[in-house]
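User: Hi, I have a model open and would like to go through it with you piece by piece. Can we start with the charged side chains and then move on to other parts?

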Amino acid sequence: MKNIGIDLGSRYVKMVKADGENLEFMRYDTVSFYRQYIKRDKESTYIDVEKLGIDKDYKITATGYGRNLMSFANAEIISEIKAHFRGALRQTGDDSFVLIDIGGQDSKVILGKDGYIEDFIMNDKCAASTGRFAENACNVLGITIDELSQMDKDPSNLSSTCAVFCESELIGLMASGVELESIASGVNKSIAKRLMPLIKSFQADKIYASGGVASNKSLIYYISELIGKNVVPLENPQYNGALGCLPL
Amino acid sequence: MKKIGFTTTIPVEFFLAGGNIPVDLNNIFVCNNNPGNLIDEAQDDGLPRNCCSWIKGLYSVAVKEKAVDEIISVTNGDCSNTHALTELYTANGIKVHPFAYPYEEKDPYSALKQQMIFLGNALNVTLDMVYDYSKITDKVRDKLKIVDRLTVDGYVTGFENHLYLVSSTDFNSDLEKFSKDVDVLIEKAEKRHIEEKYVRIGCIGVPTINPSMYDFIESKNCKIVFNEVQRQFSIPSTNPDYIMRYIEYTYPYGVMDRIKDIKEQIKLRKIDGIIHYVQSFCYRQIQDILIKKHLGVPVLTIEGDTPGDIDGRTKIRIDSFIEMLEMKKKKGLL
Ligand code: SF4
């Protein structure tokens with residue numbers, strides 16, 4: 001069985017190519033992916049498999065932000081919640097868990113029970129609990145995402161409600177001489193805090209994290225600290241949605 | 001004959017019995033050719049970005065478009081934004097009469113009756129004139145009950161149900177024409193061939209500022225069989241005591257009364273899941289906590305801010321919700 005799973009995220013397009021047991025992972029910038037690999041003819045939109053270097057006999061299943069904005073003639077589309085849930089089933093082998101997915105502009109928490117989706121909840125219209133906020137904060141602080149994810153000491157308290165205003169708060173903290181590590185830790189802790197209302201809606205023994213931001217160790221540390229339970233990042237957190245597009 | 005606007009549903013018979021034209025300011029705002037423009041105009045005058053869009057629209061239709069001669073402002077039973085809005089109306093030289101639904105009164109019935117007497121004085125009608133007129137409007141309300149029943153049975157779409165029930169607050173300012181329009185809808189709908197849809201959805205919360213959400217939802221494998229607030233706006237109570245109908249009307253009172261009504265309808269209409277629409281910056285967003293806690297069926301909360309199509313993020317949520325309900329229903333878990 002040859003399958004391709006594609007997760008069209010707001011920041012990156014993640015792709016997993018599966019030929020039997022053999023998995024190949026690929027990642028593209030979303031904007032350039034749409035520009036380069038999406039073909040249109042009069043009636044429909046296609047994913048240009050040839051240009052992507054994929055044989056025609058692969059079955060494509062896709063999910064993600066592009067789902068409702070675009071329909072592809074050569075791909076089956078499934079919802080993000082279903083894709084992420086199935087990705088976690090596949091990656092963990094568990095069938096009851098809470099999955100926290102922190103994406104570029106959406107965060108979501110899914111409650112899985114006995115192998116089906118019991119409930120889910122997504123963030124409201126605020127980017128302060130998403131990867132985009134972490135990225136912007138890194139730009140302001142002049143550090144990389146990798147550096148940010150190591151910082152978990154003496155977190156400054158960030159009080160702005162809005163992710164954009166928070167940027168000027170970061171500058172204010174730097175200007176008043178607060179240690180960079182402390183500010184960056186504060187960014188991680190504030191994302192964790194914003195996620196609490198979503199996470200606390202559900203209870204389960206096992207809590208997993210997915211999405212690019214799940215590789216942020218410090219964030220996972222603060223989430224675990226705030227809920228008093230161990231949160232385990234999935235093995236391939238960023239590819240979880242794409243993996244969930246593959247048949248189980 | 002005056003055109004009299006109002007900020008939320010009040011007993012419309014008071015206008016009609018006195019020969020005045022009722023205008024629900026919400027309806028003319030959202031039906032305006034460019035409602036977004038009305039919001040911009042309000043913001044240009046200084047209404048905050050983080051204030052509910054309905055308030056800004058209500059401001060502009062009256063102050064900028066001068067759509068009405070006088071206004072009845074509902075100062076109890078809606079939100080406190082209306083208080084500030086009332087002050088702006090007055091400052092702009094518009095004559096405003098307040099109307100307050102009882103809140104935490106020992107004797108809500110007498111308090112409401114007193115408010116109705118005040119309203120009658122302002123509009124030059126007696127309660128008896130109003131009671132008599134309600135015999136005429138009752139015939140139209142009966143027809144709206146048929147529309148609602150046809151929605152449950154699948155013949156009327158969720159959007160049509162929303163539109164006709166919400167329009168009954170002022171009968172589109174023309175009772176006779178409205179009544180005929182309802183007849184046309186019923187006749188058309190009864191002849192429709194209905195498509196079997198798997199999941200049954202109820203929509204609750206203030207009427208959406210993005211009505212395109214209805215067609216999007218129903219493009220999935222589901223049927224909308226309930227519009228909570230719109231149904232309340234159509235005054236479903238048939239209590240022979242006119243005042244009691246507005247005591248039984250749930251919208252202006254506490255959320256627990258609304259929850260009781262919603263739960264009854266979930267049972268009657270065999271609803272699988274609820275979509276709770278909330279307006280950005282509305283205090284009713286807080287009530288979502290109690291709604292989720294008490295309804296006993298899955299609830300998806302979606303948020304709208306300005307008029308126009310629903311955004312991609314909202315579509316993702318709706319999609320996933322319907323898909324989840326479908327899966328659960330197939331497994332017998334609902
Ligand atoms: S939507 Fe909420 S905030 Fe806006 S007018 Fe209505 S009750 Fe007030």
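User: Where do B:D181 and B:K177 lie, and how many residues apart are they?

Analyst: Please keep in mind that this is a predicted model. B:D181 and B:K177 are both in helix 9 of chain B, and they are 4 residues apart, which is about one turn of the helix. Their side chains form a salt bridge in which the closest N and O atoms are 3.1 Å apart. In general, an α-helix has 3.6 residues a turn, so residues three or four places apart point the same way.

User: How many salt bridges are found over all chains?

Analyst: The search of the whole structure finds 37 salt bridges over all chains. One of them joins B:R49 and B:D305, with the closest N and O atoms 3.4 Å apart. This pair links distant parts of the chain, since B:R49 sits in the loop between helix 3 and helix 4 of chain B while B:D305 sits in the loop between strand 8 and helix 15, 256 residues apart.

User: Which of those two is buried and which is exposed?

Analyst: B:R49 counts as exposed because its relative accessibility is 51%, whereas B:D305 is buried, with a relative accessible area of 15%.

User: Let's switch to the two chains. How many residues does each one bring to the contact?

Analyst: Chain A contributes 22 residues and chain B contributes 20 residues. Together the chains bury about 1900 Å² between them, and 54% of that area is on carbon and sulfur atoms.

User: How many salt bridges and polar pairs cross that interface?

Analyst: The rule finds 2 salt bridges across the interface of chain A and chain B, along with 4 residue pairs in polar contact, both residues of each pair being at pLDDT 80 or more. On the side of chain A that touches chain B, helix 3 (80-92) and strand 10 (116-122) of chain A each supply at least two residues. Strand 10 of chain A gives the largest share of that side, with 6 residues.

User: Which residues form salt bridges between the chains?

Analyst: A:D106 and B:R317 meet through their side chains at 3.1 Å, N to O. B:K328 forms a salt bridge with A:E118, where the closest N and O atoms are 3.7 Å apart. That pair runs from helix 15 of chain B, where B:K328 is found, to strand 10 of chain A, where A:E118 is found.

User: Why is B:K328 called buried?

Analyst: B:K328 is called buried because its relative accessible area is 5%, and buried means under 20%.

User: New topic: how many residues of helix 4 of chain B are buried?

Analyst: In helix 4 of chain B (residues 53-63), 11 of the 11 residues are buried, so the helix is largely enclosed by the rest of the structure. Among the buried residues are B:W54, B:K56 and B:Y59.

User: What covers them?

Analyst: The cover includes helix 2, helix 3, strand 3, helix 5 and strand 7 of chain B.

Definitions and conventions:
Residues are numbered from 1 along each chain as its sequence is written. Chains are lettered from A and ligands numbered from 1 in the order in which they are written. This is a predicted model: local features need pLDDT of at least 70, side-chain atom pairs count only at pLDDT 80 or more; totals for chains, interfaces and linings use all residues. Side-chain values use heavy atoms; hydrogens and water are left out. Contact means heavy atoms within 4.5 Å. Buried area is the accessible area (1.4 Å probe) that two parts lose on being put together, summed over both. A salt bridge is a side-chain nitrogen of Lys or Arg within 4 Å of a carboxyl oxygen of Asp or Glu. A polar contact is a pair of N or O atoms within 3.5 Å; within protein, one must be able to donate a hydrogen and the other to accept it, and residues adjacent in sequence count only if both atoms are side-chain atoms. Buried means under 20% relative accessible area, exposed over 50%, partly exposed in between (1.4 Å probe, protein chains only).
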